[in-house]
Amino acid sequence: MDAAAGIRRGVPPGAEERVAELYWDAFGRKLGAALGPAGRGRAFIARHLHHDRAVVALAPGGSDVVGVAGYRLGGRGLTGGGVRDVLAGYGPLRGLPRLAVLALLERTPGPRELVMDGIAVHPDHRGTGIGGLLLAEIAAVAAAHGCARVRLDVVDVNPRARALYERHGFTAVRTERTPFLRGLMGFGAVTTMHRTVPAGPRGGEDRRR
């Protein structure tokens, strides 16, 4: 485990492009239909991030972001940008079908529920325990906001991510077959997973550890 990695709540100022790069590296196939090509998509994500809807891992001894986990809570997720932003960025003709694709990816939290937007770790730091640290901090954020559980979706073509979630207390509750999305986004099924959150101290302040 890369125990020297620092875990921080919130995207540090100036790290927007780095976070967008990590996110695109992990989810570019899924996001490409809505926000591609890659360079344009990364720029859109960086421009519309909600800084307070993520926990990040910082490289040992520095401020470089090497991992990020986004989440949706209180009507906002890490990746922002509304209808006007998409239409302004891609134009009305190209923007409207992109909005339809983004609607397929939308996940709304239920009562006392935090929904993860995704987790991404730089290739050079995978297998060092950073994913587990990010998941633990997400659970702490959920507890601080009075949530009873964390919810996420994992696609069938990412068994490594599912194994990580299972090791850290997530349980599969249902699988939805989506063969119509295989050609568009590269996956044919989505499994929803839950992790119960023990009650903890309230308060949503940023913290480092």
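**From the whole chain to single residues**

The protein chain has seven helices and seven strands, where helices (H or I, at least four residues) and strands (E, at least two) are DSSP runs numbered from the N terminus. Read from the N terminus on, these elements follow the order β-α-α-β-β-α-α-β-α-β-α-β-α-β. The radius of gyration of the protein chain is 16 Å, close to the 17 Å that the globule rule gives for 209 residues, so the chain is as compact as a globular protein of that length; the radius is taken over C-alpha atoms, and the rule is 2.2 Å times the number of residues to the power 0.38. The model is a predicted one, in which local features need pLDDT of at least 70 and side-chain atom pairs count only at pLDDT 80 or more, whereas totals for chains, interfaces and linings use all residues. Residues are numbered from 1 along each chain as its sequence is written, and side-chain values use heavy atoms, with hydrogens and water left out.

Along its principal axes the C-alpha trace spans about 45 × 40 × 30 Å. Of the 209 residues, 48% count as buried, a term that means under 20% relative accessible area, with exposed meaning over 50% and partly exposed in between (1.4 Å probe, protein chains only). Of the contacts (heavy atoms within 4.5 Å) in the protein chain with a separation of 6 or more, 73% come from residues 24 or more positions apart.

Five of its five residues are buried, so S2 is largely enclosed by the rest of the structure. In a regular strand the side chains alternate between the two faces of the sheet. In S2, Ala54, Val56 and Leu58 point one way and Val55 and Ala57 the other way, and all are buried. Strand S1 (residues 6–9) pairs with S2 in the antiparallel sense over four bridges, and strand S3 (residues 65–72) pairs with S2 in the antiparallel sense over five bridges; two strands pair if DSSP finds at least two bridges between them. Ala57 of S2 stands opposite Ile7 and also opposite Gly67 in S3. The hairpin of S2 and S3 has six residues between the strands, and Gly61 there takes a positive phi near 75°.

Among the helices, H1 (residues 16–35) and H4 (residues 92–105) pack at an angle of about 145°, with their axes 7 Å apart; axes are lines fitted to C-alpha atoms, for helices over the stretch in contact, and angles run from 0 to 180 degrees between N-to-C directions. Lys30, Leu31, Ala33, Ala34 and Leu35 in H1 meet Arg98, Val101, Leu102 and Leu105 in H4. In helix H2 (residues 38–47), Gly41, Phe44, Ile45 and Ala46 are buried, and the buried residues of H2 pack against H1 and helix H3 (83–90).

Not counting residues up to four places away in sequence, Thr191 touches Leu152, Asp153, Val154, Arg162, Ala172, Arg174 and Thr175. Ala163, in helix H6 (residues 159–167), is partly exposed, with a relative accessible area of 30%.
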